[in-house]
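Please keep the sequence and the structure open while you read.

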Amino acid sequence: MNNSSGKILIAYFSHSGNTEALAKQIQGAVGGDLFKITTVHTYPSVYNETTDLAKRELESGFRPELSSEVPEMDSYGVIILGYPNWWGTMPTALFSFLQKYDFSGKTILPFCTHEGSRLGRSVSDLTKIVSGRATVGEGLAVRGSAVNSAGDEVQRWLKSAGLIQ
Ligand SMILES: Cc1cc2nc3c(=O)[nH]c(=O)nc-3n(C[C@H](O)[C@H](O)[C@H](O)COP(=O)(O)O)c2cc1C
């Protein structure tokens with residue numbers, strides 16, 4: 001994989017800040033544009049209320065309306081896509097995001113933060129949505145509480161993806 005065919009976009013969803021911190025670290029290592037995926041409806045600040053709502057959304061196939069839009073998606077060749085593991089997969093906002101844009105010919109490199117389930121089934125769910133259009137690279141999973149000491153892991157991952165020397 002290389003980044004010669006278009007710019008790099010680091011798009012991420014983050015509810016409590018871990019994935020956002022990791023996204024910023026990745027941007028520091030590889031460059032590219034940072035983009036926060038946000039939803040029109042907001043999630044509660046109380047943890048259990050968010051887990052309950054997220055579970056209902058996932059089980060019902062809800063696709064939240066997004067409140068942020070990527071300017072010039074066509075100009076990006078590599079999308080580094082970040083999210084927290086929610087109930088073993090991506091938050092429903094990521095399903096909306098992946099269904100909203102045309103990822104034909106692009107490479108998607110997933111990363112997630114989690115509290116034990118690592119990438120779960122997120123990469124398989126993601127691949128199903130973009131199948132036959134985008135190439136999905138190897139994912140990176142970092143424990144939410146360890147994002148600030150993940151520098152070496154991030155470097156190794158970006159190197160093996162061919163995005164840095
Ligand atoms: C709704 C919800 C569901 C979650 N489900 C899981 C899970 O299934 N497995 C897991 O390891 N962590 C789970 N977590 C923990 C988050 O993945 C973890 O705290 C993550 O780092 C949060 O990222 P953020 O700060 O960017 O929102 C869940 C958290 C929330 C709020």
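1. Is R143 buried, partly exposed or exposed? With a relative accessible area of 39%, R143 is partly exposed, where buried means under 20% relative accessible area, exposed means over 50%, and partly exposed lies in between (1.4 Å probe, protein chains only).

2. A word on the basis of these notes: this is a predicted model, in which local features need pLDDT of at least 70 and side-chain atom pairs count only at pLDDT 80 or more, while totals for chains, interfaces and linings use all residues. Residues are numbered from 1 along each chain as its sequence is written, and side-chain values use heavy atoms, with hydrogens and water left out.

3. The side chains of R143 and E115 meet in a salt bridge, with N and O 3.3 Å apart; the term stands for a side-chain nitrogen of Lys or Arg within 4 Å of a carboxyl oxygen of Asp or Glu. R143 lies in strand β6 (residues 140-143) and E115 in the loop between β4 and α4, so the pair ties together parts that are 28 residues apart in sequence. Helices (H or I, at least four residues) and strands (E, at least two) are DSSP runs, numbered from the N terminus. E115 counts as exposed, at 53% relative accessibility.

4. By the salt-bridge rule the count comes to 7, and another of these joins K36 to E20, whose closest N and O atoms are 3.4 Å apart. Because K36 lies in strand β2 and E20 in helix α1 (residues 18-30), this pair links parts that are 16 residues apart in sequence. K36 is partly exposed, at 33% relative accessibility.

5. In helix α4 (residues 122-130), the buried residues are S122, D125, L126, I129 and V130. They cover an arc of only 125° around the axis, which puts them on the same side of α4; the arc is that of the directions from the helix axis to the C-beta atoms. In general, an α-helix has 3.6 residues a turn, so residues three or four places apart point the same way. The cover over the buried residues of α4 includes β3 (76-84), α3 (92-100), β4 (107-114) and β5 (135-136).

6. R121 is partly exposed, at 42% relative accessibility, and R121, D125 and K128 are linked in a network of salt bridges.

7. The side chain of D125 is also joined to that of T89 by a polar contact of 2.7 Å, that is, a pair of N or O atoms within 3.5 Å, where within protein one must be able to donate a hydrogen and the other to accept it, and residues adjacent in sequence count only if both atoms are side-chain atoms. T89 lies in the loop between β3 and α3, and T89 is buried, with a relative accessible area of 1%.

8. Turning to the ligand, a polar side-chain atom of S117 lies 2.7 Å from one of its nitrogen atoms, and a polar backbone atom of W87 is 3.0 Å from a nitrogen atom of the ligand. A backbone N or O atom of G116 lies 3.1 Å from an oxygen atom of the ligand.

Conventions
Contact = heavy atoms within 4.5 Å.
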